[in-house]
Amino acid sequence: MRLSGEMFTVTVVFQVKAGLNQGFLTLMRSAISATKQEPGNIEYLLSVDESDSQRYILQEIYQNRQAYEAHTETEHLAQLRTGLSEFLSQPPTVYRGTAI
């Protein structure tokens, strides 16, 4: 893995409605599997917050911004975006940046 300022990172925080964790995870697993196959994807890791079992953190790392931009045009991301609303109690919080 390259450690350079060219890498592009995204962190997304999801707050899932009570009782809908399994449905959320099923939807996410499909997107995770497909995204890990994309050229330019280095990491796509979903974690559950230790202090709040309804909060999930998605950490994404791409070789560069262009790889991320290509990711945003995929069918599996479109399907994920469409399906997420039924599981979330609020819109996700998204942080984007370039590795330093």
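1. Two strands count as paired if DSSP finds at least two bridges between them, with strands (E, at least two residues) and helices (H or I, at least four) taken as DSSP runs numbered from the N terminus. On that basis, strand β2 (residues 41–48) and β3 run antiparallel, joined by seven bridges. Ser-47 has Ile-57 in β3 as its bridge partner, and a hairpin of six residues connects β2 to β3.

2. A friendly reminder on the basis: this is a predicted model, where local features need pLDDT of at least 70, side-chain atom pairs count only at pLDDT 80 or more, and totals for chains, interfaces and linings use all residues. Residues are numbered from 1 along each chain as its sequence is written, and side-chain values use heavy atoms, leaving out hydrogens and water.

3. β3 also pairs with β1: eight bridges join the two, which run antiparallel. Here Thr-11 stands opposite Gln-59 in β3.

4. Now the rings. The whole structure holds four aromatic pairs (rings of Phe, Tyr and Trp, its six-membered ring, with centres within 6.5 Å; planes under 30 degrees apart are stacked, over 60 edge-to-face, the rest tilted). Phe-8 and Tyr-68 have ring centres 5.0 Å apart and planes at 35°, so this pair is tilted. Phe-8 sits in strand β1 (residues 8–15) and Tyr-68 in helix α2 (residues 65–72), 60 residues apart. Both Phe-8 and Tyr-68 are buried (under 20% relative accessible area, with a 1.4 Å probe and protein chains only; exposed is over 50%, partly exposed in between).

5. Phe-8 and Tyr-68 also form one aromatic cluster with Tyr-62.
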